[in-house]
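Biologist: I have a model open and a few questions about it. Can we go through it together?

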Amino acid sequence: MGAVDRPGERFHQLRVGFGERARAPDVSVELSDPDPAGVLGMVAEGRADVGFVATADVSRLASAFPGLHVRFLVDLPLVLVVSSGRHVAGLRDLESETWIVPAAIQGFPGLDELTDQFWRRNDVTPARIQQVSTLQTALPLIAADMAVGLRDGFEVVGGQVAAIDLALDIPPLRAAMVWSAEMQPAPSLDLLFQVIDQAVADAAI
């Protein structure tokens with residue numbers, strides 16, 4: 001029933017709340033974690049009733065995929081993440097580092113675009129850029145002090161990586177829900193929207 005592109009803890013909270021609250025005799029709940037392109041494809045092809053993605057621009061996403069309804073849910077604040085315990089006096093300390101960026105997905109405004117906006121807004125010229133397939137791939141590299149990057153702030157909860165506070169201008173990701181505009185909606189769709197709204201409220205977002 002649902003496909004979730006999960007960039008961080010807030011989507012995890014939505015996922016748990018969604019599963020707990022959608023227990024009804026006429027509702028079958030199945031959740032999976034494909035990449036954003038996979039989520040959009042599953043919904044467009046009718047293999048999932050709804051999907052959740054984290055995008056840089058909800059309006060552009062809707063324009064790029066006219067066969068889908070796109071509904072904004074909540075902002076997902078981003079933070080700059082480095083290896084835990086590392087001292088960073090200023091952003092210039094990190095220009096010589098390798099910056100982790102998710103691989104671009106054609107037609108999908110994602111974190112790669114927000115990272116580029118962040119560099120331009122803060123006059124940063126990275127020495128090296130490394131693309132990764134998922135943000136989870138980036139964590140071991142950042143933890144090993146081999147790279148830095150932007151992450152969903154709710155994903156950084158301690159351990160081997162840490163967010164640094166430099167009062168930076170970082171645009172947020174935006175969580176959105178998508179469902180087909182071309183297929184007959186399932187009878188339980190209204191109930192599904194209620195479940196999702198309540199899961200959002202329970203996640204305090």
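Modeller: Start with Asp 145, in the loop between α5 and β8. Helices (H or I, at least four residues) and strands (E, at least two) are DSSP runs, numbered from the N terminus.

Biologist: Before that, what kind of model is this, and how are residues numbered?

Modeller: It is a predicted model: local features need pLDDT of at least 70, side-chain atom pairs count only at pLDDT 80 or more, and totals for chains, interfaces and linings use all residues. Residues are numbered from 1 along each chain as its sequence is written, and side-chain values use heavy atoms, leaving out hydrogens and water.

Biologist: OK, back to Asp 145. What is its phi?

Modeller: Near 60°, a positive value in a residue other than glycine. Most residues other than glycine have a negative phi.

Biologist: Which other residue has a positive phi, near 55°?

Modeller: Asp 123, again a residue other than glycine. Asp 123 sits in the loop between α4 and β7. Asp 123 counts as exposed because its relative accessibility is 56%.

Biologist: New topic. What is the strand order in the sheet?

Modeller: β7-β6-β8-β5-β9, five strands in an open sheet with mixed pairing. The edges are β7 (128-132) and β9 (161-164), and each pairs on one side only. Two strands pair if DSSP finds at least two bridges between them.

Biologist: How are neighbouring strands turned?

Modeller: By 40° against each other on average, direction ignored. Axes are lines fitted to C-alpha atoms, for helices over the stretch in contact, and angles run from 0 to 180 degrees between N-to-C directions.

Biologist: How many bridges join β5 to β9?

Modeller: Four, and the two strands run antiparallel. β5 covers residues 78-83. Ser 83 has Val 161 in β9 as its bridge partner.

Biologist: Which strands does α4 touch?

Modeller: Helix α4 (residues 111-121) packs on the sheet and touches β5, β6 (98-102), β7 and β8 (148-152). Its direction makes about 140° with that of β6. Contact means heavy atoms within 4.5 Å.

Biologist: And where does α5 lie?

Modeller: Helix α5 (residues 135-143) lies across β5, β6, β7, β8 and β9, at about 135° to β8.

Biologist: Which residues of α5 are buried?

Modeller: Leu 135, Ala 138 and Ile 142. Seen down the axis of α5, they fall within an arc of 45°, so they line one face of the helix. That arc is of the directions from the helix axis to the C-beta atoms. Their cover includes α4 and β6.

Biologist: Now the aromatics. How many pairs?

Modeller: Two aromatic pairs. Rings of Phe, Tyr and Trp (its six-membered ring) pair if their centres lie within 6.5 Å; planes under 30 degrees apart count as stacked, over 60 as edge-to-face and the rest as tilted. Trp 99 and Phe 118 have ring centres 6.0 Å apart and planes at 40°, so that pair is tilted. Trp 99 is in strand β6 and Phe 118 in helix α4, 19 residues apart.

Biologist: What about Trp 99 and Trp 119?

Modeller: That pair is edge-to-face, 5.9 Å centre to centre with 85° between the planes. Trp 119 lies in α4 and Trp 99 in β6, so the pair ties together parts that are 20 residues apart in sequence.

Biologist: Why does Trp 119 count as buried?

Modeller: Because its relative accessibility is 9%. Trp 99 counts as buried at 0%.

Methods:
Buried < 20%, exposed > 50% of the residue type's maximum accessible area, 1.4 Å probe, protein only.
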